[in-house]
Amino acid sequence: MSISRRSFGIGATGLVLGTVAAPWVRNASAEPAPIKIGVINSMSGGLSAYAQEGKPAFDYIIDQINKNGGIKSKDGAKIQLLQADDASQPARTATEARRLITEEKVPLLTGTILSAQMLALTPVLDELKVPTLSIWAGGAKSNYMFSLGYPYDRGYAQSMHDFIVSLRDNDKFPIKTAVMCYSNYEAGQQVNKFLVEKLKASGIEVIGEAPLDTKAQDQTSAMIRIRSLKPDVVTGLVTPRDGILMHQARYNLNYQGSLFVGGTGGYSDLSLWKDLGPEIGKAVLTRNLFGMTGFSAGAKMDSMQKIITELRDVAKLDRIGQGAVQYAQGARVLQQVLENAKSLEPDALLAAFKGFKIPFGDPHLYIAKPKGLQFAEDRLLTDGSAMMIQWMPDQSQEVVFPKEFAQAAPRPKS
């Protein structure tokens, strides 16, 4: 269901406090003007699984920041969220961004912003020069966009490649051939290109592809192709919706002949069990399948464990998976950027993004990044690495890679 396009946060009514460059300028007795942030989420449509889980965690962290003194370098100014739903439609992402910037006068944007939405948003950002933090995009084409998503190459492709090679070399899985199975859109295609190159360089023969039509209602034909090719491993980037259809097809065909190694939501999102049901979930998710993720409840990382506890026991969230933790991390990134920015002018915000850093071991580092969080020259995370998990019959996850976060060894092929 769509949420209101207009703000339902706190606001200053009928008060003009000067330019966007210094909205916290005030009289000694007045409250500082709020810092507006436009939030464009995919609360409905095919990509809604990301935002429906993530938005409550994001809103909770922003509320905590406000309750704990707001942005202290800006006289304690509170953050005001102006919410919009793009219904998982890239064109609407661009439309809502333009509205928030030109009508609501937001100096900063954030939200789901997956790869197709990132591409649609780029011309708007380049024209209006508003810095933006994407929670999920694997690329950043605009100089005004930064992303917490996994880079196509050093993130998605490198993480899946490294795990597959580790299965072969360290765990002695017989892996000689691969079929590429990926959601057939911008991110899936880009990741596939890099992953094929890396697998071939490591001596794994790519014997075919089974791209998933993102508009299809069934993925049986793709699974039949995979079964006919009989690869040792099936790998690629798969969205939650495509993953559900792929796993249903695997179940219907009772196909267990290959290892399935992929990311992210289509392999590791908590919504899979709900949509597949426990019978199908247990049959396919717990057998010969490993998923890429930036978060898992059992990972050996103190700050991750603490945010899980807080979101569960204080925020009282029902679903705490990768989406929730990724959004919570986004809120902390924005907090530091706003604290460090000399003003809310675009150049000042860009400089704050470029100088941003949360080191490993910091209590505000929620996702598994051994090198901490900071942005590279391409405005994507310098450390694009991820963890790999295996599902348990009780619907929990065990981290199996890399070793610094691992709880268990990869389950043998059945």
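The structure is a predicted model, in which local features need pLDDT of at least 70 and side-chain atom pairs count only at pLDDT 80 or more, while totals for chains, interfaces and linings use all residues. Residues are numbered from 1 along each chain as its sequence is written, and side-chain values use heavy atoms, with hydrogens and water left out. The secondary structure comes to 13 helices and twelve strands, where helices (H or I, at least four residues) and strands (E, at least two) are DSSP runs numbered from the N terminus. The radius of gyration of the chain is 21 Å, close to the 22 Å that the globule rule gives for 414 residues, so the chain is as compact as a globular protein of that length. That radius is taken over C-alpha atoms, and the globule rule is 2.2 Å times the number of residues to the power 0.38.

**Overall dimensions and burial**

- The C-alpha trace spans about 70 × 40 × 40 Å along its principal axes.
- Of the 414 residues, 59% count as buried; buried means under 20% relative accessible area, exposed means over 50%, and partly exposed lies in between (1.4 Å probe, protein chains only).
- The chain exposes about 16200 Å², of which carbon and sulfur atoms supply 51%; accessible areas come from the Shrake-Rupley method with a 1.4 Å probe, and for residues only the protein chains shown count as cover.
- Among contacts (heavy atoms within 4.5 Å) between residues at least 6 apart in sequence, 71% join residues at least 24 apart.

- In soluble globular proteins, nonpolar side chains tend to be buried together.
- The largest nonpolar core here has 133 residues, and those with the most contacts inside it are Leu109, Leu311, Val333, Leu338, Phe353 and Phe375.
- Helix H12 gives the most to this core, with nine residues.
- A nonpolar core is a set of buried Ala, Val, Leu, Ile, Met, Phe, Trp, Tyr and Cys residues joined through side-chain atoms within 4.5 Å.
- Gln335 lies in H12 (residues 322-340) and is buried, with a relative accessible area of 16%.
- Beyond its neighbours within four places in sequence, Gln335 is in contact with Ile65, Ile71 and His364.
- In helix H13 (residues 346-355), the residues Ala348, Leu349, Leu350, Ala352 and Phe353 are buried, and their cover includes strand E4 (132-134), strand E5 (145-147) and H12.

- H4 has 18 residues and reaches 24 Å from its first C-alpha to its last, close to the 26 Å expected at 1.5 Å a residue; the expected span is 1.5 Å times one less than the number of residues.
- A kink of about 40° in H4 is centred on Gln158, the bend at a residue being the angle between axes fitted to the seven residues ending there and the seven starting there.
- The buried residues of H4 include Tyr152, Tyr156, Met160, His161 and Phe163.
- H5 (residues 186-201) has 16 residues and reaches 23 Å from its first C-alpha to its last, close to the expected 22 Å.
- Among the buried residues of H5 are Glu186, Asn192 and Lys198, together with Val191, Phe194 and Leu195.
- The buried residues of H5 pack against helix H3 (115-128), helix H4 (152-169), strand E6 (177-180), strand E7 (205-209) and strand E8 (233-237).
- H5 is followed by Gly203, whose phi is positive, near 85°.

**The loop between E2 and H2**

- Asp86 lies in the loop between strand E2 (79-85) and helix H2 (90-102) and counts as buried at 0% relative accessibility.
- Not counting residues up to four places away in sequence, Asp86 touches Ile40, Asn41, Ser42, Arg92, Thr93 and Gln117.
- Ser88 is found in the loop between E2 and H2; Ser88 has a positive phi of about 65° although it is not a glycine, and it counts as buried at 15% relative accessibility.

**Other backbone features**

- Asp75, in the loop between helix H1 (48-67) and E2, has a positive phi of about 60° although it is not a glycine.
- Asp75 is partly exposed, with a relative accessible area of 44%.
- A cis peptide bond with omega of about -20° joins Gly263 and Thr264, and Thr264 is placed in the loop between strand E9 (259-263) and helix H8 (265-268).
- A cis peptide bond with omega of about 0° joins Phe401 and Pro402, and Pro402 is found in the segment after strand E12 (397-401).
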